[in-house]
Protein chains: 2
Amino acid sequence: VSAPGGPRLEAVIEDLEAGFEAHLRDLVAFASIPSVSTDPAYAPDLRRAADWLRARLERAGARAEILETGGHPAVYAETPVVPGAPTLLVYGHYDVQPPDPLQAWLTPPFSPTVREDRLYARGVSDDKGPMLVAVLVAEAYGRAGGLPVNLKFLLEGEEEVGSRHLGALVRRERERLKADVVLSADGAMWRTDLPSLNVASRGSTSLEFTVRGPGKDLHSGRHGGAVHNPLHAIASLVASLHDSSGRVAVRGFYDRVRELSGPERDAIRAIPFDEAAYPASVGASAAYGEAGYSTLERQWTRPTLELNGLWGGYEGPGGKTVIPSEAHAKVSCRLVPDQDPDEVRALVVAHLRDHLPGGVSLEVSGDKPGARPYAIDPAHPALGVARRVLRDLYGRDPVDVRMGGTVPICEVFRHELGLDTVFFSFSTGDEDFHSPNEFFRLSRFRDGLRAWAMYLDAVGPALGGAS
Amino acid sequence: VSAPGGPRLEAVIEDLEAGFEAHLRDLVAFASIPSVSTDPAYAPDLRRAADWLRARLERAGARAEILETGGHPAVYAETPVVPGAPTLLVYGHYDVQPPDPLQAWLTPPFSPTVREDRLYARGVSDDKGPMLVAVLVAEAYGRAGGLPVNLKFLLEGEEEVGSRHLGALVRRERERLKADVVLSADGAMWRTDLPSLNVASRGSTSLEFTVRGPGKDLHSGRHGGAVHNPLHAIASLVASLHDSSGRVAVRGFYDRVRELSGPERDAIRAIPFDEAAYPASVGASAAYGEAGYSTLERQWTRPTLELNGLWGGYEGPGGKTVIPSEAHAKVSCRLVPDQDPDEVRALVVAHLRDHLPGGVSLEVSGDKPGARPYAIDPAHPALGVARRVLRDLYGRDPVDVRMGGTVPICEVFRHELGLDTVFFSFSTGDEDFHSPNEFFRLSRFRDGLRAWAMYLDAVGPALGGAS
């Protein structure tokens with residue numbers, strides 16, 4: 001095994017640069033598969049994406065197989081054993097968000113298209129591109145004489161639906177998943193202009209509900225004023241979930257929320273962030289949110305309750321004089337320490353029942369596992385390696401940031417395997433990964449390949465393996 | 001010209017009975033044309049329905065033509081002149097409501113299907129069936145030696161979109177539309193078990209609005225809590241439109257509403273109506289509405305503001321962690337004397353602007369003409385004829401009822417031609433005409449044919465024409 005930073009790393013980086021056009025073609029092929037995990041209609045495409053990934057890992061020199069989960073399958077792989085070297089469990093996911101609204105895409109979501117420095121397609125940034133980086137780097141090391149560490153890949157197909165079968169799978173496969181740390185190809189970097197490392201993520205819980213009024217759609221001229229319109233009822237229910245300042249009005253919602261310490265707030269305040277420019281950066285007319293907190297504090301350290309969908313009645317062109325028989329809502333909450341997903345969900349359901357107006361009934365559904373909030377010790381040595389690689393790559397120290405989003409797997413890996421997770425993804429938070437026109441920067445794809453090569457070269461000694 | 005109730009009427013009624021199967025086939029053909037006026041995609045079908053109707057009127061012995069309106073065309077026809085006899089202007093509409101939600105139909109909305117005593121199809125009750133009655137009766141009279149009165153037909157294609165070009169058309173054609181009274185084939189009877197005559201209808205006004213937040217859909221994990229979610233904003237706006245008892249909370253909304261007199265309330269109270277059974281009759285769990293008013297008073301004499309559609313964000317299966325960039329609502333109001341449609345619309349818009357929360361913007365659209373509320377003198381002689389025909393047909397006196405819905409044409413005919421409108425339709429209010437599985441009772445189709453034959457036979461003397 002050669003020394004870090006030596007000729008092998010040089011060779012690997014040269015190899016990755018030389019093969020970049022082929023790597024891009026691989027990503028185009030992978031992102032052409034519409035692996036939308038939330039919609040059962042796409043199940044065959046999930047299977048196809050898993051097969052593609054398994055075959056690609058085999059080509060890269062790993063032993064790879066499909067692991068059945070009861071839901072969409074996972075892909076597992078191991079690179080050739082390097083005795084005495086530490087083991088990294090590489091995590092990623094091949095499933096993607098739904099592409100709706102379709103008409104907002106400039107090019108079709110599953111016809112990956114390069115425009116300037118960007119490859120546009122659903123899932124290309126979250127998480128197919130960053131995940132492919134790990135596979136390609138392992139392959140390049142193989143060609144250069146072998147990896148300096150042991151890699152195990154666990155690539156799932158249900159991240160976008162709450163990793164609902166991952167906990168059971170990891171528990172079942174506990175023995176062979178043994179490792180020193182999890183290296184996640186998921187978990188975007190915060191900004192393009194500032195290297196960053198994620199040290200925490202918000203948890204989540206979600207639900208759907210339906211408000212039912214009359215047994216069928218009614219003529220709003222004939223019956224208007226004499227039955228409770230489910231659209232009025234659901235609007236008043238939804239409106240009751242927040243106070244006028246944007247704070248969640250569900251009783252008990254904040255009971256377990258740990259307030260930030262002074263030094264924690266100072267650390268966040270020290271991060272370069274243009275508070276005044278934020279609304280314009282997302283196209284909003286003004287800042288909005290819980291009073292007494294900055295935008296970063298709101299995004300990283302405060303819990304939320306957000307409607308993700310709300311609908312009922314006629315949506316077509318023109319008018320239709322109807323009182324619909326039902327109205328629907330989808331809700332998700334983001335959680336911070338020490339909130340519990342099941343408890344918060346129950347509080348929201350209780351609120352809905354307590355605030356249900358007369359003349360309508362309520363049905364709650366969409367029961368799927370929540371995720372606890374997560375944090376890693378900022379002094380973890382595997383995080384230290386990531387910090388040094390980013391400094392070498394970008395010429396400045398990365399900042400520690402938190403994630404507003406949720407990666408439920410952190411809690412799974414900690415609970416089932418006792419492992420911390422280092423996020424080392426080269427997608428960026430502005431790449432529209434839950435919106436139309438998702439893209440992955442080609443320059444970041446290149447950076448990722450180089451950075452993963454450097455990371456795998458340097459991590460062995462940091463984790464105390466033979467070098 | 002023969003005397004009322006004589007052998008000619010007998011012959012006409014026998015002719016109509018003998019030809020019933022053929023009449024039903026005509027209605028099936030007519031109702032197979034998807035003449036949905038609110039959706040521009042159906043424009044060619046509207047034209048096709050108008051052509052069908054023109055040809056059918058010609059076959060019935062009338063001189064018929066298409067009248068262009070700038071929107072969907074109208075069909076005009078005249079039966080052979082009967083000198084000295086009064087003239088009735090027959091009104092109807094060949095356009096229909098949208099068929100959504102399609103999946104709720106047991107048989108496709110434009111594949112008319114008979115089940116038991118009912119013909120199921122969109123528009124069959126509102127208003128193609130009742131309108132065809134008038135055409136078929138004129139035809140039968142022609143075969144029996146001629147009509148006892150003059151008929152002019154004005155059949156429009158925009159009733160379901162507020163009769164938006166009818167006012168200009170009637171003004172332009174004022175000379176040839178001269179008549180003694182309007183006889184409307186539109187305007188359903190209230191119930192199947194109780195013959196009734198409509199003596200008033202509510203007016204209407206409508207609008208749509210969009211609430212815009214961020215410039216594009218955002219990830220609700222990353223941005224949740226830091227921007228105003230348009231779904232929260234629209235819910236609070238919609239919730240602000242009513243107080244908790246269901247009364248409209250728009251300032252000035254009730255200012256011009258004429259309160260019912262004691263005798264008016266007594267008359268409504270005298271009508272057989274099971275107040276306690278009403279919620280169950282529409283499948284609702286409980287009664288709901290403005291305090292201090294009965295269900296009939298709410299439906300007939302009180303103004304309303306109803307949401308007809310409300311939507312934004314993700315509606316598909318599973319979840320999508322998105323903050324949508326916009327949310328939408330469709331609103332319609334029903335008006336009573338002496339509310340003014342334009343004024344009420346302006347009040348609602350002012351309310352929306354006044355109550356718009358921070359961090360979002362508002363766009364109001366959907367500007368189409370409103371309709372004033374309408375009432376006819378209960379002692380009008382043409383209404384008296386209808387009362388006698390219904391008594392002969394059903395063996396009991398009809399009750400005077402009001403319509404919760406709106407027929408904007410009443411105001412047009414009164415204002416432009418100085419004419420009152422008698423509603424003489426044989427559709428019934430329970431025939432789901434703005435819901436899935438709209439139907440028209442075959443027995444009512446028969447009743448309508450007989451009743452229109454009787455009406456045309458008797459109306460001449462009542463209006464003072466030669467007999």
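Predicted model: local features only at pLDDT ≥ 70, side-chain atom pairs only at ≥ 80, totals over all residues.
Residues are numbered from 1 along each chain as its sequence is written, chains are lettered from A in the order in which they are written, and side-chain values use heavy atoms, with hydrogens and water left out.

**Exercise 1.** Describe the extent of the contact between chain A and chain B.

Start with the residues: chain A brings 82 and chain B brings 82 (contact means heavy atoms within 4.5 Å). Next, take the buried area, the accessible area (1.4 Å probe) that two parts lose on being put together, summed over both. The two chains bury about 6800 Å², with 51% of it on carbon and sulfur atoms. Finally, Arg222(A), Tyr288(A) and Lys320(A) supply 10% of the area that chain A buries against chain B, more than any other three residues.

**Exercise 2.** Find the salt bridges across the interface of chain A and chain B.

First, apply the rule: a side-chain nitrogen of Lys or Arg within 4 Å of a carboxyl oxygen of Asp or Glu. Across the interface, two salt bridges are found. Then look at Lys216(A), which pairs with Asp432(B), their closest N and O atoms being 2.9 Å apart.

**Exercise 3.** Work out how β11(A) joins its partner strand in chain B.

Recall that strands are DSSP runs (E, at least two residues), numbered from the N terminus, and that two pair if DSSP finds at least two bridges between them. Here, five bridges join β11(A) to β11 (residues 304–313) of chain B, and the strands run antiparallel. Now zoom in: Trp311(A) has Trp311(B) as its bridge partner.

How values were computed:
Helix = DSSP H or I, 4+ residues; strand = E, 2+ residues; numbered from the N terminus.
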